[in-house]
Amino acid sequence: MVERTQAHRHVFLRTVRFADIDSQGHVNNVRFLDYLEDARFGMFHIDPYNAGDEPFKGLVVTRHEVDYRRPLGFRAAPVRVETWVTQVGAVRFTLQYEIRDDEGLYVTATSVLAAYDVERAAPRRLNSGELAYLKRFCE
């Protein structure tokens, strides 16, 4: 489920799955990258598609940085993956994330993404529609 509730932030609700839990009883660190990926897919594919706009095509992650703030255990209620844009260039842009709920913050993360031309197997410039969409999420 995807929703936008805060100005300039994309909010993706992510269910904690049993398969996410490791032997220590909390979400495995690597699984948090899946949470970030699901949120990006919602932000750049599902939301534009549902709005009748063209989804982003050809984005690649060039960098991830993740800070684990506190353990997240198995639970029925989803967590929020809040995402916003902090930098936009001609080819690449930077996203910030928080994985949280009303009780606290579990993860902060940063990703750098680049526009990519799959047919040419080379970087490409972000087009005007993509730039306008990204600027809606700048804080």
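Begin at the second largest pocket of this predicted model, which has a volume of about 150 Å³. Select Glu37, Arg40, Phe41, Phe44, His45, Leu59, Val60, Val61 and Leu113 to display the lining of this pocket. The elements that contribute two or more residues to this lining are α1 and β3, and α1 gives the most, with five residues. Coloured by class, the lining of the second largest pocket shows six nonpolar residues, one polar residue and two charged residues.

The space in the largest pocket amounts to about 180 Å³. Helix α2, residues 128-135, gives the most to its lining, with three residues. By class, the lining of the largest pocket consists of five charged, four nonpolar and two polar residues.

Next, turn to the aromatic pairs, of which the structure holds eight. For one of them, select phenylalanine 18 and phenylalanine 74. Their ring centres are 6.2 Å apart and their planes stand at 85°; an angle over 60 degrees counts as edge-to-face, so the pair is described in that way. The pair links distant parts of the chain, its two residues being 56 residues apart. Phenylalanine 18 is found in the loop between β2 (10-14) and α1 (31-50), while phenylalanine 74 is found in the loop between β3 (59-68) and β4 (79-88). Are these residues buried or exposed? Phenylalanine 18 has 65% relative accessibility and therefore counts as exposed. Phenylalanine 74, at 52%, also counts as exposed, because the cut-off is over 50%.

Now select arginine 9 and tryptophan 84. The charged end of arginine 9 sits over the ring of tryptophan 84, at 3.6 Å from the ring centre.

For the last stop, select valine 118, in the loop between β6 (104-117) and β7 (122-123). With a relative accessibility of 61%, valine 118 counts as exposed. Along the chain, valine 118 and glycine 58 are 60 residues apart, yet their C-alpha atoms are separated by 6.1 Å.

Definitions and conventions:
Residues are numbered from 1 along each chain as its sequence is written. This is a predicted model: local features need pLDDT of at least 70, side-chain atom pairs count only at pLDDT 80 or more; totals for chains, interfaces and linings use all residues. Side-chain values use heavy atoms; hydrogens and water are left out. Rings of Phe, Tyr and Trp (its six-membered ring) pair if their centres lie within 6.5 Å; planes under 30 degrees apart count as stacked, over 60 as edge-to-face and the rest as tilted. Helices (H or I, at least four residues) and strands (E, at least two) are DSSP runs, numbered from the N terminus. Buried means under 20% relative accessible area, exposed over 50%, partly exposed in between (1.4 Å probe, protein chains only). A charge sits over a ring if NZ of Lys or CZ of Arg is within 6 Å of the ring centre and within 35 degrees of the ring normal. On a 1 Å grid over the protein atoms alone, a cavity is a set of points where a 1.4 Å probe fits but cannot get out, and a pocket is an open set with protein on both sides within 12 Å along at least five of seven lines; lining residues have an atom within 4 Å of a point. Grid points are joined across faces, edges and corners, and a volume is the space filled by probe spheres set on the points. Ala, Val, Leu, Ile, Met, Phe, Trp, Tyr, Cys and Pro count as nonpolar, Asp, Glu, Lys and Arg as charged, and the others, Gly among them, as polar.
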